[in-house]
Amino acid sequence: MDDDWICGRLGEDEPWVLGAVNPPVYENSVFTFETAEELGEAIKNEDERYVYWRGTNPTVDLAQRKLAALERGERAKCFGSGMGAISATISSLVSAGDHVLVLGAVYGPTTQFLRYLEKFGVTHTHVEDLAHCDSAIRGSTRLLYFESPSYMAYQVVDIAGITAWARGHGLVTVMDNTWSTPLFQKPLTMGVDLVVHSLSKYIGGHSDLVGGVVVGPARLVRPLALTEYQLYGAAMSPHDAAKVIKGLRTLPVRMAAHQERGLAVAAFLNDHPGVRAVNHPGLPSHPGHAVALRQMSGFSSLFSVELDTESREKVAAFLDKLRHFRIGVSWGGFESLVNAPALSTEESVRATMGIPVGLVRLSVGLEPADTLIKDLGLALEGLVA
Ligand SMILES: Cc1ncc(COP(=O)(O)O)c(C=O)c1O
């Protein structure tokens, strides 16, 4: 299937009303019925029928159909944030007494949510890689959760390898695919059961949206759409769904530009004496590069570098010197952003997570690569001097 076409037009096969190239935004909290019986039937199938905005809405539904097609899943459910999708998905799969295996580094609030679940009797264990899974699995383990590339370190997980292991042990797998977008990596085709995304990053693309999605087979997505989605209330608004649809229209061209700029900036930093390491799976020197080439068709532009310093002050001075990278926490937008855990994470947490003081995360935007390279070169001058 042609992904460019999926991004632009899929799910929009209804006739274009008035010749409009964009679908209407259904700004409706409620939908009405001819008979009471019809309403009763609709309520039983509220993930598919339009009853009330907290269940679904035609604009949200269109965004869901497009995302499901692009990710090669049967169903998608959009949420009001990535964390909304992640917390609802994990909750739908575990009960009191269950255990979750977490492979590699994952987004901080995902770990926080797993810690929160401890008060309901759900425990979890972090493991570094597949080699440690056999000793960490318990009789009560139900779920294996991971990201690839991993959070902050951007290590690559062999997706087919880990899903084969999980299936062999009867575990459900959930993977956060936000880094790659469904354009560059399709985990469901490699055995992952459910894929989650923050839509707030590349898919939105314009830093004007917070949203999330879970994609997978109807047998797993339907129950959580009818239960956790309705009860937690992290519903996506039709306005945000329209932004998702708009983001998908330009995703292929934006991702091509992000990839090109990200790799150019990473290659420059890889050769710089002020930089100890560049964690970008698209670089041939990255330990996961061969696996990445096997399972991904492209690279986004979020990566980290380790500056050659042990000084928080020097890291802060580097960030402050940058003119084209703005200092901020998110990523995947049109604008380049920079962030350093040594400055934004509590010192004890940073040390426990094994994050070096000099680690800096870069989200390369759509500015010309030359401009960004010059900016980084000037900021690094102070550091090596
Ligand atoms: C990898 C990853 N997953 C999930 C999330 C959560 O998404 P949201 O901020 O939309 O809740 C983030 C947010 O930064 C993220 O970086």
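Where is the place of Pro149? I found Pro149 in the loop between strand 4 (141–147) and helix 7 (159–168). Strands and helices here are DSSP runs numbered from the N terminus, with at least two residues (E) for a strand and at least four (H or I) for a helix.

A note on the source: this is a predicted model, where local features need pLDDT of at least 70, side-chain atom pairs count only at pLDDT 80 or more, and totals for chains, interfaces and linings use all residues. Residues are numbered from 1 along each chain as its sequence is written, and side-chain values use heavy atoms, with hydrogens and water left out.

**Backbone entries**

I checked the peptide bond between Ser148 and Pro149 and found it cis, with omega about -5°. Met152 is in the loop between strand 4 and helix 7 too, and I read its phi as near 70°, a positive value in a residue other than glycine. Thr181, in helix 8 (residues 181–184), has a positive phi as well, near 65°. I flagged these entries because most residues other than glycine have a negative phi, and most peptide bonds are trans.

Are Met152 and Thr181 buried or exposed? Met152 counts as buried because its relative accessibility is 12%, and Thr181 counts as buried at 1%. Buried means under 20% relative accessible area, exposed over 50%, and partly exposed in between, with a 1.4 Å probe and protein chains only.

**Lys201**

I looked up the UniProt record next: an unreviewed entry annotates Lys201 as "modified residue: N6-(pyridoxal phosphate)lysine". Such annotations may be inferred rather than shown by experiment, and their positions are given in the numbering used here. I located Lys201 in the loop between strand 6 (194–198) and strand 7 (212–216). Lys201 counts as buried because its relative accessibility is 14%. Leaving aside neighbours within four places in sequence, Lys201 is in contact (heavy atoms within 4.5 Å) with Thr178, Ser330, Trp331 and Gly332.

**Ligand**

Which residues come nearest to the ligand? Of the 15 residues around the ligand (a heavy atom within 4 Å), I noted Gly82, Met83, Asp176, Ser200 and Lys201 as nearest. Helix 4 (residues 82–93) gives the largest share of the shell, three residues.

I then listed distances from ligand oxygen atoms: 2.6 Å to a side-chain N or O atom of Ser200, 2.9 Å to one in the side chain of Ser198, and 2.8 Å to a backbone N or O atom of Met83. The protein covers 90% of the 390 Å² of accessible area that the ligand has on its own, by the Shrake-Rupley method with a 1.4 Å probe.

Notes:
Polar contact = N/O pair within 3.5 Å; in protein donor to acceptor, adjacent residues only side chain to side chain.
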